[in-house]
Amino acid sequence: MRENTLKTKWARGEATVNGWLSIPSSFSAEVMAHQGFDSLTVDMQHGVVDYQVAVTMLQAISTTGVMPLARVPWNDPGRLMKILDAGVYGVICPMISNRAQAEALVQACKYPPRGFRSWGPVRASIYAGSDYGDHANDDIMAIPMIETAEALENLDAILSVPGVDAIYVGPSDLSLALGCKPRLDQTDPPVVEAQKKIAAACKRHGIVAGIHNNTSAYALKMIAEGYQFVTLASDSRFLAAKAAEEAAAVKKSAKEGKLPAY
């Protein structure tokens with residue numbers, strides 16, 4: 001089976017950089033796959049990506065050694081199993097708030113006797129290898145999102161569930177849960193404290209801590225605080241930010257008389 005390089009790097013104590021795909025395009029996914037990310041996550045929750053397009057995006061990612069992941073819309077066994085069959089090496093699942101929900105997530109991602117995942121790795125066995133079934137339970141990752149007040153209260157219980165490989169902090173929803181405005185790269189004390197609490201709990205349990213960031217500077221700060229799995233913005237954010245920057249630079253020069261009026 002194709003190596004899960006994320007797990008290999010995490011086992012060595014390394015931090016990994018994840019990219020985020022919200023544009024429903026195999027070409028943009030392919031472009032992102034060639035930019036040096038360790039992994040790419042197809043966002044099927046808040047992006048505009050449906051299942052069929054997600055499969056083509058995974059095919060584009062497979063032109064590289066980048067690890068393919070997906071964020072599913074909900075803790076729904078049918079959706080979880082189907083995207084796993086498409087070949088992702090891990091699923092990030094939103095709104096996991098207690099042990100029972102974390103156990104349900106893991107069981108949907110694992111074949112019997114460790115879970116109840118149904119057999120049918122149609123593309124996964126092509127992408128990962130013909131021996132997929134022999135190794136999937138160990139190599140495919142279940143990653144709960146920690147983003148509610150209830151999840152903070154049940155953090156140790158969630159992290160103690162066998163089969164939870166990592167967790168992923170959703171800063172915006174976590175901010176809302178703590179009475180703050182939803183945003184990335186948080187500086188509001190309640191959210192900052194919660195993020196530190198999560199990192200410390202993950203260290204106690206030997207679980208990888210992941211978090212979504214808007215900038216590289218904040219991602220580096222999170223790595224210093226113990227996060228090994230950091231996401232940088234998203235394809236759509238990169239596109240918008242760079243386009244706005246370049247357009248503004250030209251317009252500013254024109255208005256200052258450095259270029260002919262347009």
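Modeller: His212 stands opposite Thr231 in β8. The model is predicted.

Colleague: What makes β7 and β8 a pair of strands?

Modeller: Pairing takes at least two bridges between two strands. Strand β7 (residues 208–213) and β8 are joined by four bridges and run parallel, so they meet the criterion. Between them the chain passes through helix α12 (residues 216–224), and this β-α-β crossover is right-handed.

Colleague: How do you know that β1 also pairs with β8?

Modeller: The cut-off is at least two bridges, and strand β1 (residues 16–21) has four to β8, in the parallel sense. One of the facing residues is Val17, whose bridge partner in β8 is Val230.

Colleague: Which residues of β8 are buried on its two sides?

Modeller: Phe229 and Thr231 are buried on one side of β8 (residues 229–232), Val230 and Leu232 on the other.

Colleague: Why is the contact between Asp38 and Lys9 called a salt bridge?

Modeller: The closest N and O atoms are 2.6 Å apart. The limit is within 4 Å, so the pair qualifies. Lys9 sits in helix α1 (residues 5–11) and Asp38 in the loop between α2 (26–33) and β2 (39–43), so the bridge ties together parts 29 residues apart in sequence.

Colleague: And why does Asp38 count as buried?

Modeller: Buried means under 20% relative accessible area; Asp38 has 17%, so it is buried.

Colleague: What about Arg71 and Asp43: are they buried or exposed?

Modeller: Arg71 is at 9% relative accessibility and Asp43 at 3%. Both values are under 20%, so both residues count as buried. Their side chains form a salt bridge, 2.9 Å from N to O. Arg71 is in strand β3 (residues 67–71) and Asp43 in strand β2, 28 residues apart.

Colleague: How many salt bridges does the rule give?

Modeller: Eleven. There is also a network of salt bridges, which links Lys242, Glu245 and Glu246.

Definitions and conventions. Residues are numbered from 1 along each chain as its sequence is written. This is a predicted model: local features need pLDDT of at least 70, side-chain atom pairs count only at pLDDT 80 or more; totals for chains, interfaces and linings use all residues. Side-chain values use heavy atoms; hydrogens and water are left out. Buried means under 20% relative accessible area, exposed over 50%, partly exposed in between (1.4 Å probe, protein chains only). A crossover is right-handed if, with the strands pointing away from the viewer, the path from the first strand over the helix to the second runs clockwise.
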